[in-house]
Amino acid sequence: MGFDYQAPSWKKPRRIVGIRQKIDKQPDVKGKTLSIFADDPVFAQYHYSALATDMDLPATELWRLYRSRTDSENRIKELKYDFGGESFNLRDFWTTEAALMTEILIYNLMSLFRQAVLRSDAVSGRPDVQHTLKILHYKLLCQSWLHHS
């Protein structure tokens, strides 16, 4: 189910598809509860989200496609803010590409380290939490400082 919408800044309309998922069937489901209907027992059972797309696929296919990419914006932000990915331009294409590839390599190594070593109750308090580099830096420095003082 969806509808077409064109924001003033868009060159063409996009299809907006609404998604409703029952919370008790998938407790870790992404989305929001509708605070306007917080007291309603039916609406409170679901998480809601919406997709804006220019693809002409059935709603279920769109949901499956976008679900696999749900965390990509967080990875882009992490590259920008934790690894300096927003601020380097070395005025030469090949030098900039080499710097970007080095940054991605370091990011991937950090991700492996995070998955293998830091994804534990000792660091996060929950086994399923992945922290950003900034938070890991803070937690590891503070914990080591507190243990050595």
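Okay, let's start with the rings: this structure holds four aromatic pairs. By a pair I mean rings of Phe, Tyr or Trp (its six-membered ring) with centres within 6.5 Å; planes under 30 degrees apart are stacked, over 60 edge-to-face, and the rest tilted. One of the pairs is Tyr5 with Trp10, edge-to-face, at 5.6 Å centre to centre and 80° between the planes. Tyr5 has 41% relative accessibility, so it counts as partly exposed, and Trp10, at 25%, counts as partly exposed too. The cut-offs there: buried is under 20% relative accessible area, exposed is over 50%, and partly exposed is in between, with a 1.4 Å probe and protein chains only.

Another pair is Tyr46 with Tyr48, a tilted one, 6.3 Å between centres and 55° between planes. Both Tyr46 and Tyr48 are buried. Ring pairs also bring in Phe43, giving a cluster of Phe43, Tyr46 and Tyr48.

Before I go on, a word on the source: this is a predicted model, where local features need pLDDT of at least 70, side-chain atom pairs count only at pLDDT 80 or more, and totals for chains, interfaces and linings use all residues. Residues are numbered from 1 along each chain as its sequence is written, and side-chain values use heavy atoms, with hydrogens and water left out.

Back to the rings, now with charges. Arg14 has its charged end over the ring of Trp10, 4.4 Å from the centre. Arg20 does likewise over the ring of Tyr46, at 4.0 Å. "Over" here needs NZ of Lys or CZ of Arg within 6 Å of the ring centre and within 35 degrees of the ring normal.

So what's the order of the strands in the sheet? It's an open sheet of three, S1-S2-S3, with antiparallel pairing. S1 and S3 are at the edges with a single partner strand each, so one side of each has no neighbour in the sheet. Strands are DSSP runs of E, at least two residues, helices are H or I, at least four, and both are numbered from the N terminus; two strands pair if DSSP finds at least two bridges between them.

S1 pairs with S2 (residues 14–22) over four bridges, and Phe3 has Ile16 as its bridge partner in S2. Ile16 in turn has Ala52 as its partner in S3. Eight bridges join S2 to S3 (residues 46–53), with Gln21 opposite His47.

Last, confidence: pLDDT is the predictor's confidence in each residue, from 0 to 100. The chain mean is 76, and 72% of its residues reach 70 or more. Confidence is highest in S1 (residues 2–5), at 88, and lowest in helix H4 (residues 121–124), at a mean of 51. Where pLDDT is low, the predicted coordinates should not be read in detail.
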